[in-house]
Amino acid sequence: MLASTAHPALARDLLVTDHAQYKAAVKKALPGDTIILADGEWRDFQIIFTGAGTVAKPITLTAQTRGKVLITGQSNLRIGGRHLLVSGLVFKDG
């Protein structure tokens, strides 16, 4: 007799270091995943954060280290979807 069990997908931490990596991470993010912006200055960054998390497993956008990710210049943040969380980013000199 062969028995199979479904294994729920594990949440992933997706560390990104540039705009292209960020865009790719947003496209593949699943409920429970966390997109982590690497510490440093993110200048002229058009952040489009979209996705469909769940109540139990939101999709999160966060800083590698709280307060150490600086969003500067002509940057903005647009959010669209369900159960999306943003934390730890600092918008400065915009």
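I took rings of Phe, Tyr and Trp (its six-membered ring) as a pair if their centres lie within 6.5 Å; planes under 30 degrees apart count as stacked, over 60 as edge-to-face and the rest as tilted. With this rule I found that Tyr22, Trp42 and Phe45 form one aromatic cluster.

**Basis of the entries**

I worked on a predicted model, in which local features need pLDDT of at least 70, side-chain atom pairs count only at pLDDT 80 or more, and totals for chains, interfaces and linings use all residues. Residues are numbered from 1 along each chain as its sequence is written, and side-chain values use heavy atoms, with hydrogens and water left out.

**Overall inventory**

I took helices (H or I, at least four residues) and strands (E, at least two) as DSSP runs, numbered from the N terminus. The protein has one helix and nine strands, and along the sequence I read the pattern β-α-β-β-β-β-β-β-β-β. The C-alpha atoms fill a box of roughly 65 × 20 × 20 Å along the principal axes.

For burial I used relative accessible area: buried is under 20%, exposed over 50%, and partly exposed in between (1.4 Å probe, protein chains only). Of the 94 residues, 32% count as buried.

I then looked up contacts (heavy atoms within 4.5 Å). Among contacts with a separation of 6 or more, 61% are between residues 24 or more positions apart.

**The aromatic pairs**

I listed two aromatic pairs in the structure. In one of them, Tyr22 and Phe45 are edge-to-face, at 5.3 Å centre to centre and with 85 degrees between the planes. This pair links distant parts of the chain: Tyr22 is in helix H1 (residues 19-28), while Phe45 is in the loop between strand E3 (40-43) and strand E4 (46-52), 23 residues apart.

Are these two residues buried or exposed? Tyr22 counts as buried because its relative accessibility is 1%. Phe45 is buried as well, with a relative accessible area of 2%.

**The core around Tyr22**

I defined a nonpolar core as a set of buried Ala, Val, Leu, Ile, Met, Phe, Trp, Tyr and Cys residues joined through side-chain atoms within 4.5 Å. The largest one has 19 residues, and Tyr22, Ile35, Leu37, Leu61 and Ile71 touch the most other members. E1, H1, E2, E4, E5 and strand E6 (69-72) each supply at least two residues of this core.

Which residues does Tyr22 touch, not counting residues up to four places away in sequence? I recorded Val16, Ile35, Leu37, Phe45, Ile47, Ile48, Phe49 and Leu61.

I counted two strands as paired if DSSP finds at least two bridges between them. An open sheet of four strands has the order E1-E2-E5-E8, with parallel pairing. Its edge strands are strand E1 (13-16) and strand E8 (84-87), and each pairs on one side only. The twist averages 15 degrees from one strand to the next.

Within this sheet I found four bridges between the parallel strands E2 (residues 34-37) and E5 (residues 59-63). Leu37 stands opposite Ala63 in E5.

For directions I used axes, which are lines fitted to C-alpha atoms (for helices over the stretch in contact), with angles from 0 to 180 degrees between N-to-C directions. H1 lies across E1, E2 and E5 and runs at about 160 degrees to E1.

**The three-stranded sheet**

Three strands form an open sheet in the order E3-E6-E9, with parallel pairing. E3 and strand E9 (89-91) stand at the edges, each with a single partner strand, so one side of each is left without a neighbour in the sheet. Neighbouring strands of this sheet are turned by 25 degrees against each other on average, direction ignored.

Three bridges join E6 to E9. Ile71 stands opposite Phe91 in E9.

**Positive phi values**

Most residues other than glycine have a negative phi. I noted Asp44, which is not a glycine but has a positive phi of about 50 degrees. Asp44 lies in the loop between E3 and E4 and counts as partly exposed because its relative accessibility is 39%.

I also noted His83, with a positive phi near 55 degrees. His83 is in the loop between strand E7 (76-82) and E8, and it counts as partly exposed at 38% relative accessibility.
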